[in-house]
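Colleague: I have a model open and would like to learn how to read it. Where do I start?

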Amino acid sequence: DHCVTGVQTCALPICALGVEVEVLTPLYGFIDRAPLVPAGEQHLHLAQHSFHVRLWKHPTAQVTFADVPGLLDRPVPYGEYADNPLRFGVFSRIAATYAAATPTQLVHLHDWQAALTALYLRPVFPRRFMVQTIHNLAFQGLCGAHWADMLEVPHIARDYHGLEFHG
């Protein structure tokens, strides 16, 4: 069995069951880069922009860090930045691409920062299991409707059964 998750501490208990776990997380600004080794590069297109993505591996753990300089390397995971929808749309697209390239059977998404991964991954792998865990309700990823086109949210998901918010 194979699982891709977004937070190492949540992944550890499942390892005891014999499940191979890989963690993909943004390379936030507070993460020590010294022990990391390059693990690949890719170009990603989203929101009419092109992004250069670098992947880094930790040498002693099953953790891969996604680096998009100026976008994912902010000093804290939670923060009110005007481009948060773009930041985490890009991270979600990276995560979907990463998961699609592995024999993953379960994708465990953490917080709203990774939520669009399911949306991006579902058309490619409709039978892949996905779980969403919310750790911090203070940051819900709310944004204006204009972001839906930019983040390539399908029209079918833009109602109260999908991603629309009324509150």
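Modeller: Start with confidence, as this is a predicted model. The protein chain has an average pLDDT of 79. At least 70 is the score for 80% of the residues.

Colleague: Where is confidence lowest, and where is it highest in the protein chain?

Modeller: Lowest is strand 1, residues 2–5, with a mean of 47. Highest is strand 4, residues 49–57, at 94. Residues 5–11 have pLDDT below 50. In the model, that stretch makes 21 contacts beyond near neighbours in sequence.

Colleague: Next, the fold. How many helices and strands does the protein chain have?

Modeller: There are 4 helices and 7 strands. Along the sequence, the pattern runs β-α-β-β-β-β-α-β-α-β-α.

Colleague: And what about the inside? How much of the protein chain counts as buried?

Modeller: The general idea comes first. In soluble globular proteins, nonpolar side chains tend to be buried together. Here, 41% of the 167 residues count as buried. The largest nonpolar core holds 41 residues. Leu24, Leu46, Phe51, Val68, Val90 and Ile94 touch the most other members.

Colleague: Which element gives the most to this core?

Modeller: Helix 2 does, with 9 residues. Other elements supply at least two residues each, including strand 2 (20–26) and strand 3 (37–46).

Colleague: Let me zoom in. Which residues does Val68 touch, leaving out those up to four places away in sequence?

Modeller: Val68 touches Phe51, His52, Val53, Asp73, Val90 and Ile94.

Technical notes: Residues numbered from 1 in each chain as written. Heavy atoms only, no water. pLDDT = per-residue confidence, 0-100. Contact = heavy atoms within 4.5 Å. Buried < 20%, exposed > 50% of the residue type's maximum accessible area, 1.4 Å probe, protein only. Core = buried A, V, L, I, M, F, W, Y, C linked by side-chain atoms within 4.5 Å.
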